[in-house]
Amino acid sequence: MEVGERNRFDVNQGEIGNCWFLAPLALLAESKDFHKVVPAGQGFTKGYHGIFKFRFYRLGEWLEVVVDDRLPTRNGKLIYLRGREQNEFWSPLLEKAYAKLHGSYAALEGGLSIHAAVDFTGGIPKIIDLTNNLQEPRALFHLLKLTCKNKGLITCALGSQYKAEAERLGLQPNHAYSVTKVV
C-alpha cells in the first residue's frame, strides 16, 4: 500500500474540493498516530484479499470502515486523491473509506479541517478565528508552538475576504493548508 517512506507528499488533491480533509491527512501521514487510522500489516502482498480496513474516531469510539481496492478512475488515472507515486495507494484508499463513512465522495466537497483532524485522532479540537480574535500574538505563537511540539494536527485556511493578500503570498483563498512547523 505504501511505496518508499510515507509522508505528506503522498496526499495530492484530485477533482473534488476536499482540501479540508487533505490538510490534516497530510499531517497524519507523518504522525506517530498513523496506524490508529491505517492499521499496520495491510498491503498487496501476503494475505491480500482485495479489502482494506481503516479506523475513524466518531462520537466517542473508533469505528472500522472496510473498503475494496477498486478506486474511481478516468482514462486509467485516479479521479480523486492521488499519491506521489503512481502505485502509492494508502491515501486514495483512506479517502475512499472516509467517503464511505460520509456516504459518498460528493459529501466530502467542502468542510472544516478540524472535523477530519478529530476523526483521525480523537483529540480535542480548538478553532482560533484570527478575524475576531484579539489574542496577544505571543500567546497565539506559544499555543501554536506547544501544539506542534505535542504533535497536534494544525491546519489553517484563508477566507475569501483575504483574496488579494493570499494571492500576493502565493496562497489560495478558501483553501485549507497543513502547518508542518512552527518557528
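This is a predicted model: local features need pLDDT of at least 70, side-chain atom pairs count only at pLDDT 80 or more; totals for chains, interfaces and linings use all residues.

Residues are numbered from 1 along each chain as its sequence is written, and side-chain values use heavy atoms, with hydrogens and water left out.

Q: How many residues of helix 1 are buried?
A: Helices here are DSSP runs (H or I, at least four residues), strands are runs of E with at least two, and both are numbered from the N terminus. Buried means under 20% relative accessible area, exposed over 50%, and partly exposed in between, with a 1.4 Å probe and protein chains only. The buried set in helix 1 includes Trp20, Pro24 and Leu28. The count is 11 of its 11 residues.

Q: Which elements do the buried residues of helix 1 pack against?
A: Contact means heavy atoms within 4.5 Å. On that basis, the partners are helix 2 (34-37), helix 3 (90-102), helix 4, strand 5 (154-157) and strand 6 (176-179).

Q: How is helix 1 oriented to helix 4: roughly parallel, roughly perpendicular or oblique?
A: Axes are lines fitted to C-alpha atoms, for helices over the stretch in contact, and angles run from 0 to 180 degrees between N-to-C directions. Helix 1 (residues 19-29) and helix 4 (residues 113-121) pack at about 40°, with axes 7 Å apart. Angles under 35 degrees count as roughly parallel, over 145 as roughly antiparallel, 65 to 115 as roughly perpendicular and the rest as oblique. So helix 1 is oblique to helix 4.

Q: Which residues of helix 4 meet helix 1?
A: On the helix 1 side, the residues involved include Cys19, Phe21 and Leu25. The buried residues of helix 4 include Ile114 and Asp119. Those meeting helix 1 are Ser113, Ala116, Ala117 and Phe120.

Q: Phe44 and Phe52 form an aromatic pair; is it stacked, tilted or edge-to-face?
A: Rings of Phe, Tyr and Trp (its six-membered ring) pair if their centres lie within 6.5 Å; planes under 30 degrees apart are stacked, over 60 edge-to-face and the rest tilted. By this rule there are 14 aromatic pairs. Phe44 and Phe52 sit 5.2 Å centre to centre, with 65° between the planes, which makes the pair edge-to-face.

Q: Is Phe52 buried or exposed?
A: Phe52 also pairs with Tyr48, tilted at 45° and 6.1 Å centre to centre. Tyr48 is partly exposed at 29%, and Phe44 is partly exposed at 36%. Phe52 has a relative accessible area of 0%, so it is buried.

Q: The charged end of Arg6 sits over which ring?
A: A charge sits over a ring if NZ of Lys or CZ of Arg is within 6 Å of the ring centre and within 35 degrees of the ring normal. For Arg6 the distance is 3.7 Å, and the ring belongs to Phe34.

Q: Where is Asn174, which has a positive phi?
A: Most residues other than glycine have a negative phi. Asn174 has a phi of about 55° although it is not a glycine. Asn174 is exposed at 56% relative accessibility. Its place is the loop between helix 6 (163-168) and strand 6.
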